[in-house]
Amino acid sequence: MKLYTKTGDDGTTGLLGGDRTPKVSARIQAIGEVDELNALIGVVRLYSNGDSLDPLLARIQDWLFDIGAELACPPGGKFQLSRIGSKHSGVLEQSIDGQTAQLPELKAFILPGGSALAAHLHLARSVCRRVERTVLALHEFEAVNETVRVFLNRLSDWLFVSARKYHMPRHDRQWLGPHSGCDSR
């Protein structure tokens with residue numbers, strides 16, 4: 001079997017079940033951004049060096065793959081998948097609570113960075129927020145399961161807490177409000 005099929009040369013792509021849709025559709029945009037986030041989590045795993053964070057990162061990659069598959073099954077299509085449930089968000093919540101209990105109270109905004117792992121976790125968090133916005137935009141026109149939407153929101157929270165765990169405190173900055181001490185140059 002050849003890798004290239006040429007069926008997408010007309011600007012469409014196939015969904016699960018065989019339906020074709022424009023590559024610029026909101027659904028394909030959402031699927032692509034979930035794929036981008038999954039690839040970025042793969043990069044984060046390179047920096048985790050087998051840390052205790054890595055097994056959950058691997059599970060998250062599997063779950064993102066499941067979300068992509070679910071998004072590839074539009075409402076009313078031949079196939080309907082629903083693999084992400086509240087238990088997945090529950091796993092993230094449990095991890096968030098455990099990590100938060102080990103951290104000092106957050107009293108300042110954190111500049112993304114601090115270590116290679118923290119910086120990549122922050123990047124994944126910001127991409128996850130974009131994915132969430134894209135999925136919500138799709139939901140305005142075609143239903144997306146609530147459990148997927150909740151999971152993406154919880155994942156961005158988890159990525160923030162995880163980044164904070166691996167962050168070097170010297171990069172914390174007090175929030176002084178807009179224009180405080182800002183030079184207008």
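Helices (H or I, at least four residues) and strands (E, at least two) are DSSP runs, numbered from the N terminus.

**Setting up.** I am working on a predicted model, where local features need pLDDT of at least 70 and side-chain atom pairs count only at pLDDT 80 or more, while totals for chains, interfaces and linings use all residues. I number residues from 1 along each chain as its sequence is written, and side-chain values use heavy atoms, with hydrogens and water left out.

I looked up valine 43 and found it in helix α1, residues 26–48. I read it as partly exposed, at 30% relative accessibility. My scale calls a residue buried under 20% relative accessible area, exposed over 50% and partly exposed in between (1.4 Å probe, protein chains only).

**Salt bridges.** Side chains of opposite charge can pair when their charged atoms come close. I count a salt bridge when a side-chain nitrogen of Lys or Arg is within 4 Å of a carboxyl oxygen of Asp or Glu. How many salt bridges does this rule give? The count comes to nine.

**Arginine 45 and aspartate 54.** I found these two in a salt bridge, with the closest N and O atoms 2.8 Å apart. Aspartate 54 is buried at 16% relative accessibility. Arginine 45 is partly exposed at 28%.

**Arginine 83 and aspartate 66.** Here the closest N and O atoms of the salt bridge are 3.4 Å apart. Arginine 83 lies in the loop between α2 (54–71) and α3 (86–101) and aspartate 66 in helix α2, so the pair ties together parts that are 17 residues apart in sequence. Is aspartate 66 buried or exposed? I have it as buried, with a relative accessible area of 16%. Arginine 83 is partly exposed, at 45%.

**Arginine 154 and aspartate 157.** This salt bridge has its closest N and O atoms 3.8 Å apart. Both residues lie in helix α5 (residues 146–165), three residues apart, about one turn of the helix. Arginine 154 is buried at 18% relative accessible area, and aspartate 157 is partly exposed at 26%.
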